[in-house]
Amino acid sequence: MTELIEVPEAEDDWEPAADPGEGGRNPARQASMFQSAAWPLTPLALLSVDLDAVARRLRLTLETSWDGHGGVRGAFFVLAGTDFVVTHHEGDDPGTHLWTRQGGPGDPASRTGSVLAALGVGPEAVAYSTWGAGTELPHLPDAWWRGRPKPVWSRQDTWANLKRRPAMFTGSAGFGALVGFLNGYDHASEGALLDGFQQWLATRLGSGRNLVYWFLAEKLIFPDGRPAQPWSPETEQRAVAGLIGLLDEFFDRLADAPGELDAAGGPGAPGAPGAAEARPAGD
């Protein structure tokens with residue numbers, strides 16, 4: 001990268017981006033790393049400006065974290081209606097990496113232009129970009145390769161991916177295969193996955209506390225009666241989507257109002273009944 005370009009200091013009437021107040025003149029509005037952790041990011045440009053100078057200009061508070069490329073400092077902010085992140089990794093050449101949140105209106109060049117305008121610098125500050133401006137690097141900046149993925153999946157990760165691609169986990173698109181996977185996962189997690197689900201389904205139905213959860217789920221998914229076997233692919237798909245939907249609703253209720261589940265005989269309720277009568281899924 002060429003020599004860094006000087007960035008002007010903040011305007012006198014620009015308040016801190018993290019605490020702008022009403023009617024603030026600072027064009028940037030900062031969000032914390034914690035608030036923005038789930039943003040899916042895409043790189044825009046490598047700028048020939050110092051990250052600390054960017055922070056001083058927009059009055060951002062730099063936060064510290066790490067990824068597969070090493071230690072990183074950065075700031076998340078909204079400017080001109082667009083989510084941005086500016087970063088710099090320890091050990092990298094001087095410069096500021098500009099990222100944006102995936103999706104939404106606006107092409108990369110115009111998005112970057114709004115940041116350059118706020119910084120008080122011109123397009124010469126772009127050393128490398130996703131749209132072709134800047135030719136000083138022969139390849140993508142190393143920091144754009146985000147490095148190692150998350151070291152281990154949480155149960156939330158597993159559930160989110162199972163909902164999107166159930167057959168990837170179950171081996172088939174059938175209801176019975178999904179029930180088998182859930183039972184195995186529940187056993188491996190010592191009951192943490194499905195704790196209280198059977199009782200919650202029985203409460204919704206008003207009966208069936210001695211029945212297994214998948215039979216209760218079938219009664220809710222097919223209120224007019226269980227379809228005759230063998231099930232068509234469309235019926236299997238409806239049953240799979242229905243069971244996933246019921247579990248999603250249960251997890252949401254568990255997170256929002258756990259006391260209601262306790263009162264209904266769900267997890268944590270004294271003497272909550274179990275599933276005493278077994279019935280094979282898909283029979």
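Leaving aside neighbours within four places in sequence, Tyr213 is in contact (heavy atoms within 4.5 Å) with Val179, Leu182, Asn183, Leu194, Phe197, Gln198, Leu201 and Leu243. The model is a predicted one, in which local features need pLDDT of at least 70 and side-chain atom pairs count only at pLDDT 80 or more, while totals for chains, interfaces and linings use all residues. Residues are numbered from 1 along each chain as its sequence is written, and side-chain values use heavy atoms, with hydrogens and water left out.

Tyr213 also belongs to the largest nonpolar core, a set of 31 residues. A nonpolar core here is a set of buried Ala, Val, Leu, Ile, Met, Phe, Trp, Tyr and Cys residues joined through side-chain atoms within 4.5 Å. Buried means under 20% relative accessible area, exposed means over 50%, and partly exposed covers the range in between, with a 1.4 Å probe and protein chains only. The residues with the most contacts inside this core are Phe175, Leu182, Phe197, Leu201, Tyr213, Leu243 and Leu247. Two or more residues each come from helix H3 (155–164), helix H5 (175–188), helix H6 (197–205), helix H7 (213–221) and helix H8 (233–256). Helices (H or I, at least four residues) and strands (E, at least two) are DSSP runs, numbered from the N terminus. H8 gives the most to the core, with eight residues. Apart from this core lies another, of 27 residues, including Leu44, Val49, Ala75 and Leu79. In soluble globular proteins, nonpolar side chains tend to be buried together.

Polar residues can be followed in the model too. Asn26, in the segment before strand S1 (28–31), is buried, with a relative accessible area of 2%. A polar atom of its side chain lies 2.9 Å from the backbone oxygen of Glu15, and the Asn26 side chain also reaches the backbone oxygen of Leu58, at 2.8 Å. Not counting residues up to four places away in sequence, Asn26 touches Trp14, Glu15, Pro16, Ala17, Leu58 and Arg59.

Two loop residues complete the picture. Ser48, in the loop between strand S2 (41–47) and helix H1 (51–58), counts as buried because its relative accessibility is 1%. Its C-alpha atom is separated by 9.1 Å from that of His97, 49 residues apart along the chain. His69 is found in the loop between strand S3 (63–67) and strand S4 (70–79); with a relative accessible area of 25%, His69 is partly exposed. From C-alpha to C-alpha, His69 and Asp92 are 9.6 Å apart in space, and 23 residues apart in sequence.

Note on methods:
A polar contact is a pair of N or O atoms within 3.5 Å; within protein, one must be able to donate a hydrogen and the other to accept it, and residues adjacent in sequence count only if both atoms are side-chain atoms.
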